[in-house]
Amino acid sequence: MHPEQIVATLIAVDADDTPLGHVMLRRLDGEWELKRLIVVEAARRRGVGRALTAEVVHLARRGGAHRVILQSGRMQPESLRMYAASGFTPIPVYEPYIETMPRSLCFEYVF
């Protein structure tokens with residue numbers, strides 16, 4: 001990932017400044033992509049991933065995006081359920097994942 005593609009990097013922390021989660025928003029060939037959403041195990045099922053996802057969507061909307069896309073995999077069933085509950089819908093695999101990860105699961109959130 002090239003630094004000039006990164007629009008925002010968000011880190012969720014608790015009251016003691018312990019990191020709970022991380023996500024990035026990047027520009028990818030004219031698209032806005034949610035990238036590298038990670039929530040530490042101790043913080044899962046507490047709304048951290050949902051809050052980070054909502055903030056990425058908000059930032060993209062404010063930035064003029066028409067949609068936000070993301071790539072995931074079958075090994076993250078909790079994430080897939082959270083994306084669906086957050087309003088993301090399935091789309092075909094997009095570049096750069098077609099060649100390198102053709103079995104990816106990809107989604108979009110359309111404004």
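## Pairing and the model

Two strands pair if DSSP finds at least two bridges between them. The structure described here is a predicted model.

Strands of a sheet pair through backbone hydrogen bonds, and the pairing can be parallel or antiparallel. Bridges of this kind are used below to follow the strands from one neighbour to the next.

## The sheet as a whole

The model has an open sheet of 6 strands, arranged in the order β1-β2-β3-β4-β6-β5. The pairing in this sheet is mixed. Which strands stand at the edges? These are β1 and β5. Each of them has a single partner strand, so one side of each is left without a neighbour in the sheet. On average, and with direction ignored, neighbouring strands are turned by 30 degrees against each other.

Helix α1 packs on this sheet and touches β1, β2, β3, β4 and β6. The direction of α1 makes about 30 degrees with that of β2.

Strand β1 covers residues 6-13. Strands β1 and β2 run antiparallel and are joined by 7 bridges.

Strand β2 spans residues 19-28 and is mostly covered, with 7 of its 10 residues buried. Its pairing with strand β3 (residues 31-39) is antiparallel and comprises 7 bridges. In that pairing, Arg 27 is opposite Trp 32 of β3. The hairpin of β2 and β3 has 2 residues between the strands; here Asp 29 takes a positive phi, near 50 degrees. In a regular strand, side chains alternate between the two faces of the sheet.

Gln 5 belongs to the segment before β1. Is Gln 5 buried or exposed? Buried means under 20% relative accessible area. Gln 5 has a relative accessibility of 17%, so it counts as buried. Leaving aside residues up to four places away in sequence, Gln 5 touches Leu 25, Arg 26, Arg 27 and Leu 28.

## β4, β5 and β6

Strand β4 (residues 67-72) and strand β6 (residues 105-110) run antiparallel, with 6 bridges between them. Ser 72 has Leu 105 in β6 as its bridge partner. Strand β6 also pairs with strand β5 (residues 89-91), again in the antiparallel sense, over 3 bridges. In this pairing, Ile 91 stands opposite Cys 106 of β6.

## Two helices in contact

Two packed helices are described by the angle between their axes and the distance between the axes. Helix α1 covers residues 48-62 and helix α2 covers residues 77-85; their axes come within 10 Å and cross at roughly 50 degrees. That angle makes α1 oblique to α2. The crossing of the two helices is right-handed.

Which residues meet in this contact? On the α1 side they are Gly 49, Arg 50 and Thr 53, and on the α2 side they are Met 82, Tyr 83 and Ala 85. The residues of the contact divide into 3 nonpolar, 2 polar and 1 charged.

## Backbone details

Most residues other than glycine have a negative phi, and most peptide bonds are trans. Several places in this model depart from that pattern. Arg 36, which lies in strand β3, has a positive phi near 60 degrees. Arg 36 is partly exposed, with a relative accessible area of 48%. Arg 45, found in the loop between β3 and α1, has a positive phi near 65 degrees. At 75% relative accessibility, Arg 45 counts as exposed.

Where is the cis peptide bond? It joins Glu 95 and Pro 96, with an omega of about 15 degrees. Pro 96 is in the loop between β5 and α3, a helix of residues 97-100.

Terms used. Residues numbered from 1 in each chain as written. Predicted model: local features only at pLDDT ≥ 70, side-chain atom pairs only at ≥ 80, totals over all residues. Heavy atoms only, no water. Helix = DSSP H or I, 4+ residues; strand = E, 2+ residues; numbered from the N terminus. Buried < 20%, exposed > 50% of the residue type's maximum accessible area, 1.4 Å probe, protein only. Contact = heavy atoms within 4.5 Å. Axes fitted to C-alpha atoms, helices over the stretch in contact; angles between N-to-C directions. Parallel < 35°, antiparallel > 145°, perpendicular 65-115°, else oblique. Left-handed = near helix turned anticlockwise from the far one by under 90°. Nonpolar A, V, L, I, M, F, W, Y, C, P; charged D, E, K, R; others polar.
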